[in-house]
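Thanks for coming, everyone. Let me put the structure up, and then I'll walk through it piece by piece.

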Amino acid sequence: MSVGIRLLGFLAILLAVFGGAVGVGRAVGPVDTEAPEEHAMDAGHDDASATGHDSGSAADAHLPQGLMVSQDGYTFELTTPTASAGAAKSVEFTIVGPDGEPVTEFDVEHEKRLHLIAVRRDFSGFQHVHPEMDEHGTWTGTLSLTPGQWRLFADFKAAGAQALTLGNELAVRGDYRPVAAASDTRTATVDGYTVTLEGDLTAGESADLTLSVTRDGVPVTDLEPYLGAYAHLVALRAGDLAYLHVHPHGTPDDGTTEPGPDVVFAAEVPSPGRYHLYLDFKHDGVVRTAAFTVTGSNHDH
Ligand SMILES: [Cu+2]
């Protein structure tokens with residue numbers, strides 16, 4: 001078969017596919033009495049599941065969170081995309097809803113309406129804060145910022161919509177000295193605490209990670225509940241900073257979960273490669289963060 005004939009065949013198939021799509025559109029269109037604008041407004045409602053909108057969401061569901069600034073009609077808008085370095089810098093933003101207005105109604109998740117996570121792109125800085133919202137839907141968070149490019153994640157659930165984690169970029173002025181990526185590290189020390197990580201990350205499979213907290217060599221057995229758990233773990237993929245939700249086994253009020261020294265998480269990574277993990281834990285009234293780097297493997301290894 002000549003290249004020309006193959007091309008013609010390909011074009012014919014394309015025409016069949018697109019022609020079919022047009023045919024479906026025509027057949028379905030008149031049945032649906034809603035105007036297209038109303039469809040867009042309904043994006044977050046359950047009754048949209050019968051329309052074509054949900055097929056897009058189903059595909060999106062396989063994407064890790066945090067990669068997009070806008071999803072399902074919600075957009076994470078920073079008031080200014082730049083900031084100066086400093087210990088207590090205000091960062092202002094809104095979550096703009098499908099109607100184009102800042103969202104003011106959020107559901108509480110993990111005891112807060114919105115969680116803001118800030119990570120310097122070389123993984124040398126990490127903060128998890130809880131901004132305040134005014135009545136117009138403008139959020140203000142306080143971050144300690146060093147020069148460089150920061151990735152911000154807004155983790156929230158607008159009332160009546162799916163939980164989302166949207167990402168945006170904040171450039172912090174100053175003398176940026178990127179830190180070389182660390183090799184894998186499974187032991188972290190912070191303020192006299194040593195935290196070790198056991199377990200392996202495997203692409204596409206849920207695996208248990210056990211984080212153990214000691215202080216001066218003594219296991220810590222009185223971790224304090226923080227946001228409804230004895231610890232929180234965020235995993236970020238090297239390269240694109242895909243944001244992974246990692247859920248702990250058990251809660252402080254279930255009657256069986258011990259307050260340390262071990263906290264066990266179920267983690268599932270979407271691909272092999274390097275991940276940066278940040279564990280927030282509370283002890284003696286202070287929340288501290290321990291950082292780890294773990295390389296995940298393919299499941300056949
Ligand atoms: Cu939070």
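One term before we start: when I say contact, I mean heavy atoms within 4.5 Å. And a caution: this is a predicted model.

Leave aside the neighbours within four places in sequence. Valine 96 is then in contact with Gly73, Tyr74, Thr75, Glu77, Glu101, Pro102 and Val103. Take one of those, tyrosine 74. It sits 22 residues from valine 96 in sequence, yet their C-alpha atoms are 5.6 Å apart in space. Valine 96 belongs to strand 4, which covers residues 86–96. Is valine 96 buried or exposed? The cut-off for buried is under 20% relative accessible area. Valine 96 has 12%, so it is buried.

Now the sheet around it. Strand 2, residues 74–78, pairs with strand 4 in the antiparallel sense, over four bridges. One detail there: phenylalanine 76 has isoleucine 95 of strand 4 as its bridge partner. As a reminder, strands of a sheet pair through backbone hydrogen bonds, either parallel or antiparallel.

Step back to the whole protein. There are 301 residues, and buried residues make up 37% of them. The protein has three helices and 19 strands. Look at contacts between residues at least 6 apart in sequence. Of these, 65% join residues at least 24 apart.

Next, the metal. Which residues coordinate the copper ion? Three histidines: His115 through ND1, His128 through NE2 and His130 through NE2, at 1.8 to 2.0 Å. Along the chain, the donors follow the spacing H-x12-H-x1-H. Histidine 115 lies in strand 5 (residues 114–120), and histidine 128 lies in strand 6 (residues 126–129), so the pair ties together parts that are 13 residues apart in sequence. How accessible are these two? Histidine 115 has 5% relative accessibility, so it counts as buried. Histidine 128 has 16%, so it counts as buried too.

On to the nonpolar cores. The largest has 28 residues. Which of them touch the most other members? Leu211, Leu277, Leu279, Phe281 and Phe292. Several strands give two or more residues to this core, among them strand 13 (206–215), strand 15 (231–237), strand 17 (262–268) and strand 19 (286–296). The largest share comes from strand 18, with four residues. There is also a second, separate core of 27 residues, which includes Leu78, Val103, Phe156 and Ala158.

Leucine 277 is in strand 18. Its relative accessible area is 1%, so it is buried. Leucine 277 and phenylalanine 292 are 15 residues apart along the chain, and 5.0 Å separates their C-alpha atoms. Not counting residues up to four places away in sequence, leucine 277 touches Leu197, Leu201, Leu209, Leu233, Val234, Ala235, Ala290, Ala291, Phe292 and Val294.

Then phenylalanine 281. Again, leave aside neighbours within four places in sequence. The contacts of phenylalanine 281 include Val190, Tyr193, Val195, Val213 and Leu223. They also include Tyr230, Ala231, Val287 and Arg288.

Last topic: empty space. Rolling a probe the size of a water molecule over the atoms shows where empty space is left. The second largest pocket holds about 310 Å³ of space. Its lining has 19 residues, and those nearest its centre are His110, Asp155, His232, Tyr243 and His245. Which strand gives the most to that lining? Strand 16 does, with six residues. Strand 5 and strand 15 each supply at least two.

What about cavities? A search of the whole structure finds one of 30 Å³ or more. The largest cavity holds about 30 Å³ of space. Its lining includes Pro64, Gln65, Gly66, Leu67 and Met68, along with Gln71, Thr165 and Leu166.

That's the tour. Questions, please.

How values were computed: Residues numbered from 1 in each chain as written. Predicted model: local features only at pLDDT ≥ 70, side-chain atom pairs only at ≥ 80, totals over all residues. Heavy atoms only, no water. Donors = N, O, S within 2.8 Å, 3.2 Å for Na, K, Ca; no water. Buried < 20%, exposed > 50% of the residue type's maximum accessible area, 1.4 Å probe, protein only. Core = buried A, V, L, I, M, F, W, Y, C linked by side-chain atoms within 4.5 Å. Pairing = 2+ DSSP bridges. 1 Å grid on protein atoms, 1.4 Å probe; cavity = no way out; pocket = protein on both sides within 12 Å on 5 of 7 lines; lining within 4 Å. Points joined across faces, edges and corners; volume = space filled by probe spheres on them.
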